[in-house]
Amino acid sequence: MAAFTVARSSSRLINGLRNSFGGLARVKHGVAAATASQVSLQQQCRRYAVGQLSVKERIDKKRQEALLGGGQPRIDAQHKKGKLTARERIELLLDPESFVEYDMFVEHRCSDFGMEQDRNKFPGDSVVTGQGRINGRLVYVFSQDFTVFGGSLSGAHAQKICKVMDQAMMVGAPVIGLNDSGGARIQEGVESLAGYADIFLRNVLASGVVPQISLIMGPCAGGAVYSPALTDFTFMVKDTSYLFITGPDVVKSVTNEDVTQEELGGAKTHTAVSGVAHYAFENDVDALLNLRDFFNFLPLSNQDAAPVMESHDPSDRLVPAMDTIVPSETTKAYDMLDIIHAIVDEKNFFEIMPSYAKNIVVGFARMDGRTVGIVGNQPKVASGCLDINSSVKGARFVRFCDAFNIPIITFVDVPGFLPGTAQEYGGIIRHGAKLLYAFAEATVPKITIITRKAYGGAYDVMSSKHLRGDVNYAWPSAEVAVMGAKGAVQIIFRGKDSQAEAEAEYVEKFANPFPAAVRGFVDDIIEPSTTRKRICRDLEVLASKKQVNPWKKHANMPL
Amino acid sequence: MAAHISTLSLPRLLVAAKNASLHARWQAVAHSAVRYSTVPVPQEKTFDKILIANRGEIACRVMKTCRMMGIQTVAVHSDVDASAVHVKMADQAVCVGPAPTNQSYLNMDAIMEAVRSTGAQAVHPGYGFLSENKEFARRLAAEGVTFIGPDTHAIQSMGDKIESKLIAKAAQVNTIPGFDGVVETVEDAVRIALDIGYPVMIKASAGGGGKGMRIAWNEEETRDGFRFSTQEAASSFGDSRLLIEKFIDNPRHIEIQVLADKHGNALWLNERECSIQRRNQKVVEEAPSTFLDADTRRAMGEQAVKLAQAVQYSSAGTVEFLVDSHKNFYFLEMNTRLQVEHPITELITGLDLVQQMIRVAKGYPLLHKQEDIPINGWAIESRVYAEDPYKSFGLPSIGRLSQYQEPLNLSNVRVDSGICEGSDISIYYDPMISKLVTYGATRAEALSKMEDALDNYVIRGVTHNIPLLREIITHPRFISGDISTNFLPEVYPDGFKGHQLTAGGQRELLASAAALHVCAQLRAQTFLGTLRVSASSQERRRWDLCVELVGERHPVVVSRTGQTYTVEVGGESLVVSGEWDLASPLLPLKINNTPRMLQCLSRTASGDICLQYLGTSFKVRVLSPLAAELSSFMPEKVPEDTSSILRSPMPGSVVAVSVKPGDTVAEGQEICVIEAMKMQNSMTAAKTGKVKSVHCRAGETVGEGDLLVELE
């Protein structure tokens with residue numbers, strides 16, 4: 001974690017901030033003294049003020065100050081950038097009047113570089129924390145306040161975050177972090193670094209206990225990025241949020257690369273290229289409103305079942321369009337999203353990482369009101385093959401679902417793992433193993449539908465019966481085999497002339513669901529139009545599924 | 001299923017499972033229980049098996065009558081149509097070639113082979129394709145197969161515009177003043193135009209569908225028109241012959257349905273008013289016409305019958321007339337086939353035209369006399385197309401019907417379609433989705449039914465012209481019957497812009513959106529089962545909201561009692577009630593006790609709601625006052641345009657490139673095909689435009705992100 005160097009760039013920012021505040025002659029407590037140095041003057045003021053103002057007035061005053069964060073000019077600057085303030089964000093995210101704030105009076109404890117001066121103290125410091133409700137359900141939140149020292153992380157800031165995380169773990173409720181911070185509070189030195197580590201530790205301990213969501217709404221750089229990276233979902237806001245280890249200046253000085261902030265760590269980069277972020281929203285308002293919607297898919301903790309909402313979509317609805325969706329030519333593509341949208345409740349599918357590794361589709365939906373995780377190969381992109389990126393994307397999603405009791409529905413149309421030097425050198429063996437591992441390890445209800453191809457090792461990986469799939473269906477168009485006819489025939493009948501005949505024989509034998517069905521590797525061959533009905537019925541039965549993996553300290557998955 | 005494995009061939013079983021999915025079949029059968037004929041028809045032996053040499057709605061339409069008459073049906077189809085509705089509906093189906101029509105539905109050799117192999121005794125050609133192809137009729141006759149339509153002589157003489165005009169003249173049918181012959185040179189054209197008197201119409205002799213047609217108001221335009229029409233006629237029909245005639249200003253297009261047998265009997269089955277057209281293609285048709293009086297109708301009918309008899313016509317046919325404002329009518333052309341808009345004639349006469357065509361083809365004489373032909377009530381047909389009505393009153397759009405529901409729950413509604421939910425509207429064929437026909441005792445009744453039917457019609461996945469159709473049938477000029485073939489350009493001189501909201505309409509729209517939003521919000525707080533951490537319930541009775549419509553913000557206050565929402569908007573209070581089924585595409589509401597059928601096209605978590613109201617879709621955004629206020633800080637985004645560049649999404653080889661520089665492509669049209677992992681991936685245009693450059697060739701290997709094609 002050498003990357004705290006970013007603090008260099010943020011320190012400039014903070015200095016800038018300090019300068020601007022220097023100009024604002026903040027007269028605390030309304031008392032002026034004519035003599036003595038500034039420091040002793042302030043001390044006097046304090047003593048004097050105790051006498052003059054009642055405690056109640058002081059409380060009110062502090063609260064008023066806390067509500068203003070870094071002050072109106074900084075708030076205006078934040079708005080000018082198209083960003084909302086920490087408090088506005090919380091207000092939009094949570095149900096009206098549900099926010100209960102903690103630590104409004106906490107101030108930083110730094111006494112170096114003039115930080116101890118009153119004008120450098122802000123009640124609540126650079127983060128707003130507390131708990132509240134989203135659609136009535138409990139959630140803990142912290143929202144970094146860019147208007148106070150650029151949202152930089154002080155010891156007090158970290159302590160506030162740790163407090164809500166600790167309580168969230170005890171109560172069993174999700175944590176949502178709204179990140180907007182320039183980085184470490186350089187004036188605090190190691191105190192700030194310790195603060196980061198305290199948060200990281202809690203991120204790790206909370207992982208798999210309560211859902212953790214990070215919404216990056218401004219800069220998040222240096223060591224700070226590892227907190228979002230440890231959480232379950234990292235969402236970003238287009239054009240106003242950045243995530244990187246080191247900023248463009250450092251990149252330039254170290255590697256001599258010219259790159260803009262947006263190219264290096266903007267929402268587009270992380271949702272389409274790096275796969276660091278899971279979704280990018282248009283702006284702050286859009287992001288927060290959508291996050292409320294997303295929250296409804298999640299259970300509060302690993303002790304809770306996936307939520308069930310009132311659904312108006314009949315669970316026994318037939319979907320006749322599914323009978324014709326798979327093209328009769330096996331080489332022709334179709335859109336797996338068409339199947340997903342048609343089958344889930346009300347076409348409502350929250351896709352995770354829609355722009356990254358598009359050959360696999362993952363996301364949340366509901367079946368008869370119950371949250372499910374959907375994994376599907378996407379024949380439309382790279383034929384739906386599994387490669388490094390899609391395996392990792394799928395694996396992470398499957399593990400989240402398993403950790404939080406969300407049943408997994410897998411739609412399979414996979415021609416195999418992608419061959420090639422790029423993949424082999426990149427470690428497809430080790431990365432592909434992650435998806436295999438995730439599906440095998442999962443103990444939540446697992447329902448699998450083979451819509452067309454299920455070839456080779458990829459068949460095994462995609463939540464097959466052999467990996468404890470609870471209900472595995474095949475559509476009539478399914479083909480479960482080691483490989484396609486052409487390749488197989490070239491191996492089986494090497495050197496023989498009657499390739500076409502041999503191919504026909506192979507197709508007759510293997511290019512259909514029967515070989516798998518006669519062995520019980522698929523439980524039934526179903527009419528595609530009945531898929532929704534079957535899944536809903538199975539989920540009802542599987543709701544009481546209990547399966548336990550052998551005791552272990554923790555598993556050792558191929559990282 | 002496993003038990004059958006040893007005895008049955010696997011592929012056959014699978015094909016059966018794939019194609020004849022029980023459900024789809026039942027649906028198709030249930031659909032076909034329609035009876036088009038309201039008059040009794042004797043049990044007659046006609047044919048055992050008929051092949052329908054067509055696709056889509058007309059193939060389905062013909063099959064329904066065949067089924068009712070106890071005749072087996074054979075469908076032909078291209079490979080992309082393998083699971084089309086008409087294929088499922090038929091008793092037998094034969095693939096006659098790949099997608100392009102000239103290799104499948106126009107492929108006479110393959111269709112003849114299908115006739116032979118299935119033993120069909122007769123062929124119904126539908127409309128379009130081979131329906132007016134004399135060569136096809138001749139080849140069928142040569143093999144002793146009955147062509148359900150007129151004989152070759154009639155097809156030939158009526159198929160040629162010049163010849164048909166001469167015959168019509170001889171039969172004393174009113175014809176448009178013009179030159180009876182082929183115009184050889186530009187100078188001839190100018191001279192003839194001067195003889196007839198401007199304006200004149202220059203058109204291709206072999207033409208149809210508006211191609212190769214030009215109107216000229218002076219000499220210069222005549223010269224240009226001659227040149228362009230020659231080119232267009234040559235490229236469209238392979239026949240550059242032109243003719244010139246008087247151009248009738250502000251005409252109506254009214255046609256007479258005729259029905260003739262092989263014994264010299266002919267009837268006219270009244271008229272169809274087809275004046276509402278765009279680019280010479282019909283959009284809305286009705287029968288009867290508001291314009292004709294009994295005398296004119298009879299005069300037109302009798303002339304039409306005379307013409308039919310002059311060419312020994314048998315079967316159903318249509319004689320098209322132009323009618324000017326003084327009720328002078330002129331023969332335009334005769335269509336020697338079943339017309340697209342035949343259902344409206346069926347509804348007002350009670351005759352099943354397909355059934356009559358089959359009877360006549362078998363040689364039975366007509367059952368009716370002219371005086372038996374009634375005008376019962378009024379019928380209106382709207383052609384529902386997959387096209388964008390906001391562009392030139394309709395530019396084709398393509399896509400997959402992700403959701404599709406015909407308004408068949410309403411009485412007196414007939415929908416002739418050949419597609420179903422999940423069907424693809426492809427670039428290969430006509431983008432018609434269906435013919436929506438309503439019927440009533442009076443025109444007003446039929447029109448009001450049409451409004452309901454359009455409002456209840458659910459089409460998702462492709463752009464459609466329902467906004468335009470609904471505006472036409474509710475336009476005061478249309479309602480009063482004041483129409484001509486120039487109706488659309490006259491009523492919408494700046495192009496069609498959708499329904500224009502009145503102040504009251506806007507209030508209704510805002511109130512509906514706000515109520516829907518509150519309803520969805522309330523449901524989002526409803527968790528079933530017991531929760532470990534109890535949810536805090538918010539008992540709210542009143543919601544202050546802010547609804548945005550075309551950039552304007554409207555404060556709205558919603559309060560709720562049960563399923564009824566009271567919405568204060570724009571100084572008025574509206575009571576909105578309904579079932580509030582959030583899964584249904586239809587949103588049947590009562591607004592201040594007036595029933596309104598809205599459709600919810602989309603609804604997002606960030607408050608965006610797209611509603612179809614009075615046919616047109618409107619985008620609104622419902623926000624809390626706080627969210628609305630904070631939204632004003634959000635930056636305006638300029639959408640980045642990547643739609644003009646097509647890059648390869650994966651490494652692979654280029655199988656085919658379907659465009660070349662200068663081509664115009666429609667959004668969603670295939671540009672090239674990339675094969676990767678033995679899978680063919682069709683790359684499509686992200687927008688409509690002209691191809692600027694093509695950077696790949698068939699057979700070439702491309703890497704991920706390689707530039708394939710640039711659009712302008």
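Predicted model: local features only at pLDDT ≥ 70, side-chain atom pairs only at ≥ 80, totals over all residues.

Residues are numbered from 1 along each chain as its sequence is written, chains are lettered from A and ligands numbered from 1 in the order in which they are written, and side-chain values use heavy atoms, with hydrogens and water left out.

Chain B contains 19 helices and 39 strands, where helices (H or I, at least four residues) and strands (E, at least two) are DSSP runs numbered from the N terminus. Its C-alpha trace spans about 85 × 70 × 60 Å along the principal axes. The radius of gyration of chain B is 28 Å, which agrees with a compact globule, because a globule of 712 residues would have a value near 27 Å; this radius is taken over C-alpha atoms, and the globule rule is 2.2 Å times the number of residues to the power 0.38.

Strands of a sheet pair through backbone hydrogen bonds, either parallel or antiparallel, and here two strands are said to pair if DSSP finds at least two bridges between them. One open sheet of chain B has four strands in the order E32-E39-E37-E34, with antiparallel pairing, and its edge strands, E32 (645–647) and E34 (664–665) of chain B, each pair on one side only. E32(B) is joined to E39(B) (residues 707–711) by three antiparallel bridges, with B:Leu646 standing opposite B:Val709.

Another part of chain B can be followed through two hairpins that share E29(B). Strand E28(B) (residues 586–591) runs antiparallel to E29(B) (residues 594–603) over six bridges, and two residues lie between these strands, with B:Asn592 taking a positive phi near 45 degrees. E29(B) is in turn joined by four antiparallel bridges to E30(B) (residues 608–613); this hairpin has four residues between its strands, and B:Gly607 in the turn has a positive phi of about 90 degrees. B:Gln599 of E29(B) is the bridge partner of B:Leu586 and also stands opposite B:Gln612 in E30(B).

Over all chains the structure holds 71 salt bridges, each being a side-chain nitrogen of Lys or Arg within 4 Å of a carboxyl oxygen of Asp or Glu. One of them joins B:Asp352 to B:Arg61, with the closest N and O atoms 2.7 Å apart. This pair links distant parts of the chain, 291 residues apart, with B:Asp352 in the loop between helices H12 (342–349) and H13 (353–362) of chain B and B:Arg61 in helix H3(B) (residues 56–68).

Where the two chains meet, 60 residues of chain B are in contact (heavy atoms within 4.5 Å) with 73 residues of chain A. The area buried between them, which is the accessible area (1.4 Å probe) lost on being put together, summed over both, is about 5,600 Å², and carbon and sulfur atoms give 61% of this area. Three salt bridges cross the interface of chain B and chain A, and B:Arg400 forms a salt bridge with A:Asp338, the closest N and O atoms being 3.7 Å apart. Strand pairing also links the chains, as E10(A) (residues 308–309) and E23(B) run antiparallel over two bridges, with A:Val308 having B:Leu528 as its bridge partner.

Methods: Buried area = accessible area lost by both parts, 1.4 Å probe.
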